[in-house]
Amino acid sequence: MAELTYNQGLDTRQSGRLELLKEFWRYFSENRGAVIGLIFFVVIIIIAVFADLIAPHLPNHQYRDAFLQPPFWQEGGSVKFILGTDAVGRDMLSRLIHGARYSLFIGCVVVSLALIVGVSLGLIAGFFRGWIDTTIMRLMDIVLSFPSLLLALVLVAILGPSLVNAMIAIAIVQQPHYVRLTRAAVMGEMSKDYVTAARVIGVRRLRLMFVTILPNCMAPLIVQAALSFSTAILDAAALGFLGMGAQPPTPEWGTMLAEAREFILRAWWVVTFPGCAILFTVLAINLMGDGLRDALDPKLKSS
Amino acid sequence: MKRETILEASGLKRYYEVERGSFKAKAELKALNGATFTLEKGCTLAVVGESGCGKSTLARLVTMIEAPTAGELSIRGVDIVAADLATKRKLKSKVQIVFQDPYGSLNPRQKIGHALEEPLLVNTNMSKDERRRAVRAMMDLVGLRPEQYDRFPHMFSGGQRQRIAVARALMLNPEIVVLDEPVSALDVSIQAQILNLLLDLQQRFNLAYLFISHDLSVVKHVADEIMVMYLGMVIEMGSRDAIFTHPRHPYTRALLSATPVADPLREKKRIVLHGEPPSPIDPPHGCYFNPRCTETIDICFKQFPDLRPCGKARVACHNPIGDS
């Protein structure tokens, strides 16, 4: 009798992963803003990857005959420099295109760094609890109690101003969020039966932490990673603007803004375009992150 | 039939410390307050009682998820409380557990084939092929089809998940399986399938079951011995027939009378207990059951009765039924 009825109620879906991906895309594509954000983000990635081919000029080449030339549609502009040139005659468009590389690079490095360290610490805190948990969480509270940009500034001041140090500083500032998220998720999972079941089977600690528990905590972390990607770009631009991040002549968007500060009144294009680049990139990533959150974590769904 | 004792527990206790706010002293919650029993190969010991009586705590102690506060627990004569780590690991694989909720007890991100392989992966050094073969054999045994190897838990129904959970518990060839209300989360129609599967497997592998349940009709179907618990105490123990035909403890009698019987002509004599079980943090003086008991005599309010032989069973009651 058991043999006759055992397959009742079976879900006949073919493969797990493909199906999950399809379902994810269905939820994700419901959110139009998220799709637009994703498209924009993909375009930026393509631009960054093929920057050398797309950019009409070298980012740091100075055209001595064309200082502060306006964009082509304005009087005095030429099609040679579509978005104009800056104070030392470098093509704005080429610099912006190359700047996309830096922004993506900063985002990737900062997020990976913060993710790896933060998730490990959060996993340890949530798994072991007790004094380890208290120590880690109080340390994170201390980091969180500073205004993030100020702390990043202090850290860069200590480490010395450079793009790499700025990225390290931003990663340190961001990582408490990952620690907290991971810890909360781990604590939630720890109380579930499948963790106990794995223990009874004899699964050892490390495997339990990384193979059993961690994959089940990934949804909020992916969302946080996507959203903090944009924060990282923004913070790096802010540090660059304050002269603490990428150093000139690097075509980093924040640094470009800083160099253009004194020409705000005379040449609007040297500030507006890098500003817009930052704005749209961050906006696109945030929209995408929101869609990601809605698709991955129905509990956080905003109506 | 000669029975081989495989697990012995004596005076097993588990207390939890409970915080009651920053200005009060910590309280002691006696979740399990002295349980003595033995498990025999091929037999089922059913543990019954209402929620909060310490059934699940007992399950956690026997499966070594938690260490007892006091008391002895030995498997095949080896004391597992005092054993060193290597022995403990070895003994751990001898005791496995099946949980109540088949939705929570499977890792949602693990394919079931992999979930079944995991016990072998972490405990033995079998090759990948050997593991896969063992898993397929076990899947066949519990009534799962081979093509379900690569599916995720969310693609299965509750009954099938419970089959997976049973299969995983059996992967390491355990001698004792703790069944923590294995069918109470399932549909009644599926319950029978799983119970029959469990009985088949018990015969095939000569397993000892510690069957925890609050459903007495299920217990009647599977149990050889029954242990009735109330507020962390064992209050009655005996063979299934002795308990079901001649319950001696007033609590057991009330429990049995609450079991629905599918017989419309049968006269219903329900004994309804009044009130809630007392708090295990602050149990009543004397017998813990005295506030709800209908058979109290003076000594019931002074002293907790010991478990003593009474007819075919053993009862912890000063005034057992049918004794006067």
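**Close-up views of a predicted model**

**View 1. Q191(B) sits in helix α6 of chain B, which covers residues 188-205.** Keep in mind that this is a predicted model. Is Q191(B) buried or exposed? With 11% relative accessibility, Q191(B) counts as buried, because buried means under 20%. Leaving aside residues up to four places away in sequence, Q191(B) touches V183(B), S184(B), L186(B), D215(B) and V218(B).

View 2. M64(B) belongs to the loop between α1 (55-62) and β4 (70-75) of chain B, and its relative accessibility of 13% makes it count as buried. You'll find N206(B) in the loop between α6 and β8 (208-213) of chain B. At 34% relative accessibility, N206(B) counts as partly exposed.

**View 3. Helices α3 and α5 of chain B pack against each other.** Here α3(B) spans residues 112-123 and α5(B) spans residues 158-170. Their axes are 8 Å apart and meet at an angle of about 25 degrees, so α3(B) runs roughly parallel to α5(B). The crossing of α3(B) past α5(B) is right-handed. Which residues make the contact? From α3(B) come I112(B), A115(B), L116(B) and P119(B), while α5(B) brings in I164(B), A167(B) and R168(B). Sorted by class, this contact has six nonpolar residues, no polar ones and one charged one.

**View 4. Helices α12 and α13 of chain A also pack together.** This time the helices cover residues 253-260 for α12(A) and residues 269-296 for α13(A). The packing angle is about 155 degrees, and the axes lie 9 Å apart. Since angles over 145 degrees count that way, α12(A) and α13(A) are roughly antiparallel to each other. Their crossing is left-handed. On the α12(A) side, the contact uses W253(A), G254(A), M256(A), L257(A) and A260(A). On the α13(A) side, look for V270(A), V271(A), P274(A), G275(A), A277(A), I278(A) and T281(A). By class, that gives nine nonpolar, three polar and no charged residues.

**View 5. A cis peptide bond links P248(A) to P249(A).** If you check the backbone here, omega is near 5 degrees. Where does P249(A) lie? P249(A) is in the loop between α11 (218-241) and α12 of chain A.

**View 6. Five aromatic residues of chain A form one cluster.** The members are F72(A), W73(A), W268(A), W269(A) and F273(A). Over all chains, the structure holds 14 aromatic pairs. One of them is the pair of F72(A) and W73(A), which is edge-to-face. Their ring centres are 5.3 Å apart, with 85 degrees between the planes. As for F72(A), its relative accessibility is 40%, so F72(A) counts as partly exposed.

**View 7. V111(A) is a buried residue of chain A.** Its helix is α5 of chain A, residues 92-128. The relative accessibility of V111(A) is 9%, and that is why V111(A) counts as buried. What does V111(A) touch, not counting residues up to four places away in sequence? The list is Y178(A), A225(A), S228(A) and F229(A). Take a look at S230(A) too: V111(A) and S230(A) are 119 residues apart along the chain, but their C-alpha atoms are separated by 9.6 Å.

How values were computed. Residues are numbered from 1 along each chain as its sequence is written. Chains are lettered from A and ligands numbered from 1 in the order in which they are written. This is a predicted model: local features need pLDDT of at least 70, side-chain atom pairs count only at pLDDT 80 or more; totals for chains, interfaces and linings use all residues. Side-chain values use heavy atoms; hydrogens and water are left out. Axes are lines fitted to C-alpha atoms, for helices over the stretch in contact, and angles run from 0 to 180 degrees between N-to-C directions. Helices (H or I, at least four residues) and strands (E, at least two) are DSSP runs, numbered from the N terminus. Angles under 35 degrees count as roughly parallel, over 145 as roughly antiparallel, 65 to 115 as roughly perpendicular and the rest as oblique. A crossing is left-handed if the near helix is turned anticlockwise from the far one by less than a right angle, and right-handed if clockwise. Contact means heavy atoms within 4.5 Å. Ala, Val, Leu, Ile, Met, Phe, Trp, Tyr, Cys and Pro count as nonpolar, Asp, Glu, Lys and Arg as charged, and the others, Gly among them, as polar. Rings of Phe, Tyr and Trp (its six-membered ring) pair if their centres lie within 6.5 Å; planes under 30 degrees apart count as stacked, over 60 as edge-to-face and the rest as tilted. Buried means under 20% relative accessible area, exposed over 50%, partly exposed in between (1.4 Å probe, protein chains only).
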